Amino acid sequence: MERVMDIPELEQFIGREFPQLGDDFKIEALTEDGVEVRLRTRDKHLRPGGTVSGPSMFALADIGMYLAILARIGPVALAVTTNCSIDFMRKPAAAADMICHTRLLKLGRVLAVGDVLIYSEGQKAPVARASLTYSIPPKVD
């Protein structure tokens, strides 16, 4: 799938449209079929016991898939999540950054479908897996 936005363009778009995210997320790489994004884990992302919270991992999966789609369709702010299923498979390392690897499986005219694997930095096995579907608004000419 051909990319139409590069990392600096994606970062500018997110900074402009979603300033509330601050610098929580960092785009590590654009891949052939997705994107790699890092969650810079801080105290606000932790739950009791020092592990990364489920909502923080969900946010990472969601922003990862959103960026993978935008990299291919351009700055479409109203592309929205219509479905997400996430499996938490193992406990993340205490307070470690989280890294998500997205893979677009289908990028159609109105729907995009993809998979996400989330890793805790320093661990080889994924800690979570998500499947997401996005609705893409019609193009306005």
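The model is predicted, so to speak of its local features a pLDDT of at least 70 is needed, and side-chain atom pairs count only at pLDDT 80 or more, whereas totals for chains, interfaces and linings use all residues. Residues are numbered from 1 along each chain as its sequence is written, and side-chain values use heavy atoms, with hydrogens and water left out.

**Helix 1**

Select residues 7-17, which form helix 1; helices here are DSSP runs of H or I with at least four residues, strands are runs of E with at least two, and both are numbered from the N terminus. Within helix 1, colour Leu10, Phe13 and Ile14, which are buried, a term that means under 20% relative accessible area, with exposed being over 50% and partly exposed in between, for a 1.4 Å probe and protein chains only. Looking down the axis of helix 1, you will find that its buried residues fall within an arc of 95°, so they line one face of the helix; the arc is that of the directions from the helix axis to the C-beta atoms. On the face turned away from that buried side, select the exposed residues Gln12 and Arg16. Then show strand 1 (25-30) and helix 2, against which the buried residues of helix 1 pack.

Ile7 also lies in helix 1, and at 22% relative accessibility it counts as partly exposed. Leaving aside neighbours within four places in sequence, Ile7 is in contact with Ile27, Glu28, Ala29 and Leu30, where contact means heavy atoms within 4.5 Å.

**Helix 2**

Next select residues 54-73, which make up helix 2. Helix 2 has 20 residues and reaches 29 Å from its first C-alpha to its last, close to the 28 Å expected at 1.5 Å a residue, the expected span being 1.5 Å times one less than the number of residues. Move on to Gly74, which follows helix 2 and has a positive phi, near 95°.

Tyr66, in helix 2, counts as buried at 5% relative accessibility, and, apart from its neighbours within four places in sequence, Tyr66 is in contact with Phe13, Ile14, Phe18, Val76, Ala77, Ala79 and Tyr134. Asp62, also placed in helix 2, touches Thr81, Leu132 and Tyr134, not counting residues up to four places away in sequence. If you draw a C-alpha to C-alpha distance from Asp62 to Ala130, these residues are 9.0 Å apart in space and 68 residues apart in sequence.

**The loop at Glu121**

Now centre on Glu121, in the loop between strand 7 (111-120) and strand 8 (128-135). At 38% relative accessibility, Glu121 counts as partly exposed. Not counting residues up to four places away in sequence, Glu121 touches Arg38, Ala93, Ala96, Asp97 and Ile99.

**The largest pocket**

Which residues line the largest pocket? Select Ile73, Val76, Gly108, Arg109, Val110, Ile136, Pro137, Pro138 and Lys139 to show its lining. By class, that lining has 6 nonpolar, 1 polar and 2 charged residues, with Ala, Val, Leu, Ile, Met, Phe, Trp, Tyr, Cys and Pro counted as nonpolar, Asp, Glu, Lys and Arg as charged, and the others, Gly among them, as polar.

Methods
On a 1 Å grid over the protein atoms alone, a cavity is a set of points where a 1.4 Å probe fits but cannot get out, and a pocket is an open set with protein on both sides within 12 Å along at least five of seven lines; lining residues have an atom within 4 Å of a point.
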